[in-house]
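Hello,

Here is the structure I promised to pass on to you. Have a look at it first, and then read my notes below.

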Amino acid sequence: MKEQAFEQAQVSAVRGLGEKGMGAIFRTLQRLFSKRFIRSAEESADGDKNDAIDAWSFVSPEVRSLDVVVVTSSDLDLRSCASDLRHFARSLTYFADPETAWRWLDGRSGSETILLVDLDAFEDIEEAVEMLLELRKSSPFFTVVMLSSTFDRNDFSDERKAIADCSLRLPTNATTLGISLGAARTNSRARLQGSQDDFHRVL
């Protein structure tokens, strides 16, 4: 109970912070809780149902007003992990084929959509990068979480902001995925604000 109260206090603190502060808190939470909290969440998955739900404690309340789109072809663990997002998001949509997903995204504003893109679903990694670059140029308002088994670690920063707002190593889990949604949205807003500031400086 004490541990749960502390975690809830951390989440409440995050909600009251600004863009940079939120990003820092999300990264700190990941470092502090990733091993210990994820282990306890996974152990509880076969036990008390209420304990298992705690794995999603870090999902930002903002997600309830967002559409989540998952692009993955063969990662059943990711599909299973993401499936619980239906309880937290406005909608949850799966695509096995990246090109079909991109056609579905065409014409949408993206301001209320989070993309979870499994790079391993692409036949060619260079093609994946090109598609993400083009999406960022044509539809910058989409928030993108990029996932791959080739990544060395999870990265909640905006280091890869040219193509994604957050990147996760596969396999992942509910806790990490929950944290990534809030971190990606925070990084996306900062990215868009930075682009706007650059535009005003040019003017």
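**What I found**

Just after helix H5, glycine 107 has a positive phi of about 90 degrees. Helices here are DSSP runs of H or I with at least four residues, strands are runs of E with at least two, and both are numbered from the N terminus.

Before we go on, some background. This is a predicted model, in which local features need pLDDT of at least 70 and side-chain atom pairs count only at pLDDT 80 or more, while totals for chains, interfaces and linings use all residues. Residues are numbered from 1 along each chain as its sequence is written, and side-chain values use heavy atoms, leaving out hydrogens and water.

**Helix H5**

Which residues of H5 are buried? They are Pro98, Ala101, Trp102 and Leu105. Buried means under 20% relative accessible area, exposed means over 50%, and partly exposed is in between (1.4 Å probe, protein chains only). These four cover an arc of only 100 degrees around the axis, so they lie on the same side of H5; the arc is taken from the directions from the helix axis to the C-beta atoms. The buried residues of H5 pack against E1, strand E2 (91–95), E3 and H6.

**Aromatic rings**

There are two aromatic pairs in the structure. Rings of Phe, Tyr and Trp (its six-membered ring) pair if their centres lie within 6.5 Å; planes under 30 degrees apart are stacked, over 60 edge-to-face, and the rest tilted. Phenylalanine 95 and tryptophan 104 form a tilted pair, because their ring centres are 5.5 Å apart and their planes are at 50 degrees. Phenylalanine 95 counts as buried at 10% relative accessibility, whereas tryptophan 104, at 28%, counts as partly exposed.

The rings of tryptophan 102 and phenylalanine 122 have centres 6.3 Å apart and planes at 85 degrees, so this pair is edge-to-face. Tryptophan 102 is in H5 (residues 98–105) and phenylalanine 122 in the loop between E3 and helix H6 (125–138), so the pair ties together parts that are 20 residues apart in sequence. Both tryptophan 102 and phenylalanine 122 are buried.

The charged end of arginine 79 sits over the ring of tyrosine 94, 4.2 Å from its centre, and that of arginine 160 sits over the ring of phenylalanine 151, 4.3 Å from its centre. For this, NZ of Lys or CZ of Arg must be within 6 Å of the ring centre and within 35 degrees of the ring normal.

**The cores**

How many residues does the largest nonpolar core have? It has 27, and those with the most contacts inside it are Leu85, Leu116, Val145, Leu147 and Leu177. A nonpolar core is a set of buried Ala, Val, Leu, Ile, Met, Phe, Trp, Tyr and Cys residues joined through side-chain atoms within 4.5 Å. Several elements each supply at least two residues of this core, including strand E1 (67–71), strand E3 (113–118) and helix H7 (174–202). H7 gives the most, with six residues. A second, separate core of 20 residues includes Leu105, Leu115, Leu119 and Phe122.

**Valine 63**

Valine 63 lies in the loop between helix H3 (49–53) and E1. At 1% relative accessibility, valine 63 counts as buried. Apart from neighbours within four places in sequence, valine 63 is in contact (heavy atoms within 4.5 Å) with Val68, Phe88, Ala89, Arg90 and Leu181.

Enjoy exploring!
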